[in-house]
Amino acid sequence: MNLVIRDGLGRNFLAGRWVEGEAGARIAVEDPATGEIVAEMARAGERQLAAALEAARGSVARGDLSAMRPGARADLMRRIAGCIRAIADEGAPILCRESGKRLSDARGEFEEAAAYFDYYGGLADKIEGKQIPLGPDYIDYTLFEPVGISAQIVPWNFPVSLAARSLAPALAAGNAVIVKSPELDPLALALLGRAFQEAGLPEAAVSILNGIGSELGARLVASSEIDQIVFTGSVPTGQAILRAAAENVTPSLMELGGKSAAVAFEDADLDRLVESVRGGIFFNAGQVCSAMSRLLVHRSLYDRAVEAVAALADGLEAGHGFDEAAHTPVISAGQLDGIEAMVLAAPGQGARIAAGGARLDRAGHFMAPTILADVDPGSDIAQQELFGPVLCVTPFETEAEAVAIANGTEFGLVAGVFTRDLARAHRLAGRLRAGQVFVNEWFAGGIATPFGGIGKSGFGREKGVEALYNYVRTKNVAISLKE
């Protein structure tokens, strides 16, 4: 059954207009749960990108957003939030079908997207400079100015909410934005264009273009017209973008991969740990940058923990997102092939398959929920990001050993500590190499908590008040009062 796309959706949102792609080119959109092609999306090319850049530059020059009184910009952000909530009933089934996630999770993306606009709407009139004392003969102060054109490349795992995560602070700060949507699931994200129209966002302030990353995305980040790059995705793609950014010295915000570890001590609450595993690695079929992809367990708790998480994995029933299945597909056949290949190679490096271990024999792109026990910390599967429903479990004896294993990858996105000992939790939080540390609950936090990594997990911070300052430049004004 094909998706019905109304009101111009399935086309690019270009500065307030719905437009076709280059020479009528289209991109097929697949349902990951069935493997069927269910829709097509217009494929933007060089002409659409040039038009979006021209519109954005005009918006910046006119001050479409930056010249607004901050309170008016705050009101606009809140109107956008309301309009996003109004399209959730239409958008959630589209996102469910094109991404494979559960219908409730798809709806949750629209709710989260709206919450981002509410949150940064509350900050739009609070971007305040400061006065610096230089003595009686001077007045010195700082101003925050928008960066200009923010080029944002959005990943396919949470296209609606992650687009809003960067769009909202960028617009709150008065910038123009060009979004490059993911070619695997671009349809629901395009719906945000309608929310912008209905809220009264200045037309040239946002464009949402869909195209192949190596073509349209590469042209966008290489453009000398843009003033900032925001990217969420894989390390290799991020490295390619940074090489292009270096040519024009374009400031960049990078949220890249992860191989995040939870450390469970002997006094950990096993039930709470298992519940965190459920959400930490099996939510959205493990396709989460900050997923709990490794679990380090104290030797005294290890056997019980492996048995418990294996039982959890075996009990997850696979199915279509429309049926609210506990376990949903990965996004594509290529993604499934890569995950399965790494899992099948793991026993050759010492791992033991405690649950799952291969793709499911059914239509669609389903990897069995998989638990690998006795994983060598130096093995490929413990070092490389899989982006799938696979948990690597490793025992440890001492706190120092646990920290060494947890910090022993090139990544540093998030980490977790499970213990009843608050002093130990606080101590570990300081020693773990990560941008965010969860204690006794994976994914604790929310929109207000800064998020980002170190090492090959990237740099800069999204979410929270801190993210707003990615989208402004600091200008200092020094005035001499001497006669």
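Contact, in this tour, means heavy atoms within 4.5 Å, and buried means under 20% relative accessible area, with exposed over 50% (1.4 Å probe, protein chains only). The model is a predicted one, in which local features need pLDDT of at least 70 and side-chain atom pairs count only at pLDDT 80 or more, while totals for chains, interfaces and linings use all residues. Residues are numbered from 1 along each chain as its sequence is written, and side-chain values use heavy atoms, with hydrogens and water left out. Helices (H or I, at least four residues) and strands (E, at least two) are DSSP runs, numbered from the N terminus.

Select strand β12, residues 292-298, where seven of the seven residues are buried.

Next, select helix α14, residues 422-431, whose buried residues are R424, A425 and L428. These lie on the same side of α14 because they cover an arc of only 100° around the axis, the arc being that of the directions from the helix axis to the C-beta atoms. On the other side of α14, look for the exposed L422, H426 and G430. To see what covers the buried residues of α14, display elements including α13 (399-406), β16 (414-418) and β17 (436-439).
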